[in-house]
Amino acid sequence: MLRKAIIFGLAAGAINIVVGFFTMRLWETEMDFSSGELWGYVSMLLALSMVYVGVKSYRDKELGGSISYGKAFSIGIGIVLIASIVYVIGWILYFNFMMPDFADKYLEHAVAQIEQSNSTEAEKKMQIEDMKS
């Protein structure tokens, strides 16, 4: 069971990292934060499909087609934990070595979005201060 969790967890983490790195490379000069959010959700949905595939693979190949809820839940949690670890390590490396100015670019984008909103000047000022803190 642990072997399946490791294999499919690494696959899920790799999907997230590959899609994320691909989209970040496309936006190296001009970031598009709006579609970046969409790509992030798509990559997570693709990666989380590995939970289904991993549980099904374990059920069919190791258990002969039948699995209890507890075992399915356990392998699913294992896949998610391993995928999460891979995801975090990937982004730590990416943001520290390949794009250390991401936070500044995102803040600039968020401030521009706030300034274009229909809020009052006092609300805009408060939102911008919140973003900066």
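Colleague: What relative accessibility does R59 have?
Modeller: This is a predicted model, and in it R59 has a relative accessibility of 28%. Buried means under 20% and exposed means over 50%, so R59 counts as partly exposed.

Colleague: Which residue does R59 form a salt bridge with?
Modeller: R59 pairs with D60, and the closest N and O atoms are 2.8 Å apart.

Colleague: Why would two such side chains pair up at all?
Modeller: Side chains of opposite charge can pair when their charged atoms come close.

Colleague: Which residues are linked with D60 in a network of salt bridges?
Modeller: K56 and R59 are linked with D60 in that network. K56 forms a salt bridge with D60, with 2.7 Å between the closest N and O atoms.

Colleague: How far apart are K56 and D60 in helix 2?
Modeller: They are four residues apart, so about one helical turn separates them.

Colleague: How many salt bridges does a search of the whole structure find?
Modeller: The search finds three. Besides the pairs of D60 with K56 and with R59, there is one between the side chains of K124 and E121, at 3.7 Å from N to O.

Colleague: Where do K124 and E121 sit?
Modeller: Both are in helix 5, three residues apart, so about one helical turn lies between them.

Colleague: Which of that pair is buried and which is exposed?
Modeller: K124 is buried, with a relative accessible area of 11%. E121 is exposed, at 59%.

Colleague: Back to helix 2. Where is S57, and which residues is S57 in contact with?
Modeller: S57 lies in helix 2. Leaving aside neighbours within four places in sequence, S57 is in contact with K4, F8 and E62. S57 has 11% relative accessibility, which is under the 20% cut-off, so S57 counts as buried.

Colleague: What about S43, buried or exposed?
Modeller: S43 is buried, with a relative accessible area of 5%. S43 is in helix 2 too. Not counting residues up to four places away in sequence, S43 touches I15, N16 and V19.

Colleague: Which residues does V51 touch?
Modeller: V51, found in helix 2, touches G76, I79 and V80, with residues up to four places away in sequence left out. G76 and I79 are among the buried residues of helix 3.

Colleague: How far is V51 from L63?
Modeller: Their C-alpha atoms are separated by 17 Å, and the two residues are twelve apart along the chain.

Colleague: Which other residues of helix 3 are buried?
Modeller: Besides G76 and I79, the list has I75, G78, A83, V86, G90, W91 and Y94.

Colleague: What span should helix 3 have, and what do its end C-alpha atoms give?
Modeller: At 1.5 Å a residue, its 30 residues should span 44 Å, and the end C-alpha atoms are 42 Å apart, which agrees.

Colleague: And F97, buried or exposed?
Modeller: F97 lies in helix 3. Its relative accessible area is 66%, which is over the 50% cut-off, so F97 is exposed.

Colleague: Which residues form a nonpolar patch with F97?
Modeller: I85, I89, L93 and M98 form the patch on the surface with F97. Together these residues have about 530 Å² of accessible area.

Colleague: Which residues of helix 4 are buried?
Modeller: A110, V111 and I114 are buried. Seen down the helix axis, the buried residues fall within an arc of 100°, so they line one face of helix 4.

Colleague: What do those buried residues pack against?
Modeller: The buried residues of helix 4 pack against helix 5, residues 121-132.

Colleague: And which residues are exposed on the other side of helix 4?
Modeller: E108 and Q116 are exposed there.

Key:
Residues numbered from 1 in each chain as written. Predicted model: local features only at pLDDT ≥ 70, side-chain atom pairs only at ≥ 80, totals over all residues. Heavy atoms only, no water. Buried < 20%, exposed > 50% of the residue type's maximum accessible area, 1.4 Å probe, protein only. Helix = DSSP H or I, 4+ residues; strand = E, 2+ residues; numbered from the N terminus. Arc of directions from axis to C-beta. Contact = heavy atoms within 4.5 Å. Patch = residues over 30% accessible without salt bridge, like charges linked within 9 Å, V, L, I, M, F, W, Y side chains within 5 Å. Areas by Shrake-Rupley, 256 points an atom, 1.4 Å probe, with all protein chains shown as cover. Salt bridge = Lys/Arg side-chain N within 4 Å of Asp/Glu carboxyl O. Expected span 1.5 Å × (residues − 1).
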